[in-house]
Amino acid sequence: MIVEETLVSELKNTQTQAKAFEVLVNTYKERLYWHVRRIVLNHDDADDVLQNTFIKVYRSIDGFKGESKLYSWLYRIATNEALTFLKQKSRKLGVTSEELQTKLVANLEADVYFEGEEIQLKLQEALATLPEKQKLVFNMKYYQEMKYEEISDVLETSVGGLKASYHLAVKKIETYLRGD
Amino acid sequence: MKQNHKNPHKAPEGYFDSFNERLMDKIVKEESIIPKNDGFSVPDLYFETFNDKITNRTTSKVVRLHSYRKYYYAAASIAAITLLAFFLSQNNETEFGFEDLATAEIDAYFETNGLGLSSYELAEVVDFEAISVLDITQEENDIEEELILDYLDENVDELEYLNLEYEKFE
């Protein structure tokens, strides 16, 4: 368990920066990877976004004022990077963000790093129909098992709103999976 | 209940605070048809080799193209002067004000755009902290909360910003 305040001050000190940054990467790389991967779906894209996230953190750590918790700041950067990445991708391909979602899910069938079966593919189809925020909340709660308070820190929305979003997301996904 | 002061066992901080939430999550998962695993995997040794990629990128030297810099300055100066000259010449023309708009045009605008207040503009005027959406629904008990939530979901972009009372959606 790392003490956040110590790590932040070590990250800001040029003498201890390199070592502290390594600790930071080791502590958060897996968690942030899964967070990003569930947004961009493809492994190579997730790898790019994750690298960019840490580079951004490295370059802007001096600007981190400690008003929010370190993990929520990291998650926020990762979320923004992933969503921006998708926007750029849809612009480059000349498709809407909805069309891109459908395309990304369709690509999963041929993805070697997607070991899902029919139900998992259907789950991704269901997720693609959800509004962005509901999809984020669902993945963070159901698959990343984050607490509402943590999600609230990251997405800067009330716990009440998040619970409503999660409830709706679960209901819609279940309906989709049942094929109603 | 009497506490055993000699108990050497300790639970992690906040363990009991979040116990109910975790238990409920587990029950929901057990009962749900949503798969527990979403099927994503990573290449072998991906996380083990990830640090090297980052180290390479944070330690690589940036080569600056100093020799071109003076040309950039010159080009920027010319562009700035051109823009300044352009705006100065524009300013000589008569400026239009609100009073120049015909009432008919203003009416036509509201006709087609409605009041056009965004949720942010509305939030400036209405104190959303003071009232919860469910304050209204509680008075109308015959309206199903679930139906209201569905309605809000379809019609409100940023549902999370409504002051919802979350216990209702446990």
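Me: A salt bridge is a side-chain nitrogen of Lys or Arg within 4 Å of a carboxyl oxygen of Asp or Glu. Which residue forms one with D45(A)?

Reply: K89(A) does, and the closest N and O atoms of the two are 2.7 Å apart. D45(A) sits in helix α3 (residues 43-60) of chain A and K89(A) in helix α4 (residues 70-93) of chain A, so the pair ties together parts that are 44 residues apart in sequence. Helices (H or I, at least four residues) and strands (E, at least two) are DSSP runs, numbered from the N terminus.

Me: And what kind of model is this?

Reply: The model is predicted, so local features need pLDDT of at least 70 and side-chain atom pairs count only at pLDDT 80 or more, while totals for chains, interfaces and linings use all residues. Residues are numbered from 1 along each chain as its sequence is written, chains are lettered from A and ligands numbered from 1 in the order in which they are written, and side-chain values use heavy atoms, with hydrogens and water left out.

Me: Back to D45(A). Is D45(A) buried or exposed?

Reply: D45(A) is buried, with a relative accessible area of 11%. The cut-offs are under 20% relative accessible area for buried, over 50% for exposed, and partly exposed in between (1.4 Å probe, protein chains only).

Me: How many salt bridges over all chains?

Reply: The search of the whole structure finds 8. One of them joins K69(A) and D153(A), at 3.6 Å from N to O. That pair links distant parts of the chain, 84 residues apart: K69(A) is in the loop between α3 and α4 of chain A, and D153(A) is in helix α8 (residues 148-155) of chain A. K69(A) is partly exposed at 45% relative accessibility, and D153(A) is partly exposed at 28%.

Me: Why would side chains like that pair at all?

Reply: Side chains of opposite charge can pair when their charged atoms come close.

Me: Which pair crosses between chains?

Reply: K171(A) and D150(B) meet in a salt bridge, 3.0 Å from N to O. The pair runs from helix α9 (residues 159-178) of chain A to helix α7 (residues 145-155) of chain B. K171(A) is partly exposed at 29% relative accessible area, and D150(B) is partly exposed at 25%.

Me: How many salt bridges are across the interface of chain B and chain A?

Reply: The rule finds 4. D38(B) also forms a salt bridge with R38(A), and their closest N and O atoms are 2.6 Å apart.

Me: How many residues does the contact take from each chain?

Reply: It takes 37 residues from chain B and 58 residues from chain A, where contact means heavy atoms within 4.5 Å. The area buried between the two chains is about 4400 Å², and carbon and sulfur atoms give 59% of it. I34(B), F40(B) and E160(B) supply 17% of the area that chain B buries against chain A, more than any other three residues. Buried area here is the accessible area (1.4 Å probe) that two parts lose on being put together, summed over both.

Me: What about chain B itself, how many helices and strands?

Reply: Chain B has 7 helices and 0 strands. Of its 170 residues, 18% are buried. Chain B exposes about 14700 Å², with carbon and sulfur atoms supplying 56%; accessible areas come from the Shrake-Rupley method with a 1.4 Å probe, and for residues only the protein chains shown count as cover.

Me: New topic. What is phi of L41(A) near?

Reply: Phi of L41(A) is near 70°, a positive value in a residue other than glycine. Most residues other than glycine have a negative phi, and most peptide bonds are trans. L41(A) lies in the loop between α2 (17-40) and α3 of chain A, and L41(A) is buried at 2% relative accessible area.

Me: And where is L45(B) found?

Reply: L45(B) is in the loop between α1 and α2 of chain B. L45(B) has a positive phi of about 60°, although it is not a glycine. At 55% relative accessibility, L45(B) counts as exposed, whereas L41(A) is buried.
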